[in-house]
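Trainee: Could we go through this model together? I would like to start with how its elements are named.

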Amino acid sequence: MTVDTPSEEISVQSEQDTIRKILTTTGDTWAIVGLSSNERRAAHGVADVLQRYGKRIVPVHPKAETVHGEQGYASLDAIPFPVDVVDVFVNSELAGDVADQAVAIGAKAVWFQLGVIDEDAYERTRAAGLDMVMDRCPAIEIPRLG
């Protein structure tokens, strides 16, 4: 039998609070880095769920494709309007650079998808004042809020 220490319980609660904040009060414009028109990719389904929950999705992919009716952009800095959350669907090796770009464009939060982990990027992003979660999926978390 294992017993959670108080600090672990606080950490889990803090993460849940951050998830709730990002999904409910941070803002509704989500740039989804790695989102293309490929319907077999996880980003495509997650973008659909976010739209159904009232989020504006902004595809960010080198091809700058229109996805789910939304104009795509080749990079975060090419988006001509404010972005609230940057949702990251790239390999962990590339995710830190995306998090740094999110800070540079003035995003309020960064969300690393399931399997995307970069502890250094997490620390830099939090130190810059942004909310951040790692290794989570908003399409799984948002229905839990009800």
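Mentor: Helices (H or I, at least four residues) and strands (E, at least two) are DSSP runs, and their numbering starts from the N terminus. Residues are numbered from 1 along each chain as its sequence is written, and side-chain values use heavy atoms, with hydrogens and water left out. The model is predicted, so local features need pLDDT of at least 70 and side-chain atom pairs count only at pLDDT 80 or more, while totals for chains, interfaces and linings use all residues.

Trainee: In what order do the strands form the sheet?

Mentor: The order is E2-E1-E3-E4-E5, an open sheet of five strands with parallel pairing. Two strands pair if DSSP finds at least two bridges between them.

Trainee: And which are the edge strands?

Mentor: They are E2 and E5 (131-133), each of which pairs on one side only. From one strand to the next, the twist averages 20°. Axes here are lines fitted to C-alpha atoms, for helices over the stretch in contact, and angles run from 0 to 180 degrees between N-to-C directions.

Trainee: How many bridges join E1 to E2?

Mentor: Five bridges join E1 to E2 (residues 56-60), and the two strands run parallel. In this pairing Val 33 is opposite Val 60 of E2. On E3 (residues 85-88), E1 pairs over four bridges, again in the parallel sense. Across from E3, Ala 31 stands opposite Val 86 and Ile 32 stands opposite Asp 87.

Trainee: Is E1 mostly covered or exposed?

Mentor: E1 (residues 29-33) is mostly covered, with five of its five residues buried. Buried means under 20% relative accessible area, exposed means over 50%, and partly exposed lies in between (1.4 Å probe, protein chains only).

Trainee: Which residues are on one side of E1, and which on the other?

Mentor: Thr 29, Ala 31 and Val 33 are on one side, Trp 30 and Ile 32 are on the other, and all are buried. In a regular strand, side chains alternate between the two faces of the sheet.

Trainee: Let us stay with Val 33; what is it in contact with?

Mentor: Leaving aside neighbours within four places in sequence, Val 33 is in contact with Val 60, Leu 76, Val 86, Asp 87, Val 88, Phe 89, Val 90 and Val 98. Contact means heavy atoms within 4.5 Å. The relative accessible area of Val 33 is 9%, so this residue is buried.

Trainee: Now the helices. Which unit do E1, H2 and E2 make?

Mentor: Together E1, H2 (residues 42-52) and E2 make a right-handed β-α-β unit. A crossover is right-handed if, with the strands pointing away from the viewer, the path from the first strand over the helix to the second runs clockwise.

Trainee: Which residues of H2 are buried, and what covers them?

Mentor: The buried residues are Ala 43, His 44, Val 46, Ala 47, Val 49 and Leu 50. Their cover includes E1, E2, E3 and helix H5 (138-141). Just after H2, Gly 54 takes a positive phi of about 90°.

Trainee: How do the axes of H3 and H4 cross?

Mentor: The axes of H3 (residues 92-105) and H4 (residues 119-127) come within 9 Å and cross at roughly 10°. H3 and H4 are therefore roughly parallel to each other. Angles under 35 degrees count as roughly parallel, over 145 as roughly antiparallel, 65 to 115 as roughly perpendicular and the rest as oblique.

Trainee: Which residues meet there?

Mentor: Gly 96, Ala 99, Asp 100 and Val 103 of H3 meet Ala 121, Arg 124 and Thr 125 of H4. By class, this contact of H3 with H4 has three nonpolar, two polar and two charged residues. Ala, Val, Leu, Ile, Met, Phe, Trp, Tyr, Cys and Pro count as nonpolar, Asp, Glu, Lys and Arg as charged, and the others, Gly among them, as polar.

Trainee: Turning to the loops, where is His 61, and what does it touch?

Mentor: His 61 is in the loop between E2 and E3. Not counting residues up to four places away in sequence, His 61 touches Gly 34, Leu 35, Ser 36, Tyr 73 and Ala 74. Its relative accessibility is 18%, so His 61 counts as buried.

Trainee: And what is the phi of His 68?

Mentor: Phi of His 68 is near 50°, a positive value in a residue other than glycine. His 68 lies in the loop between E2 and E3 and, at 26% relative accessibility, counts as partly exposed. Asp 135, in the loop between E5 and H5, has a positive phi near 60°. With a relative accessible area of 33%, Asp 135 is partly exposed.
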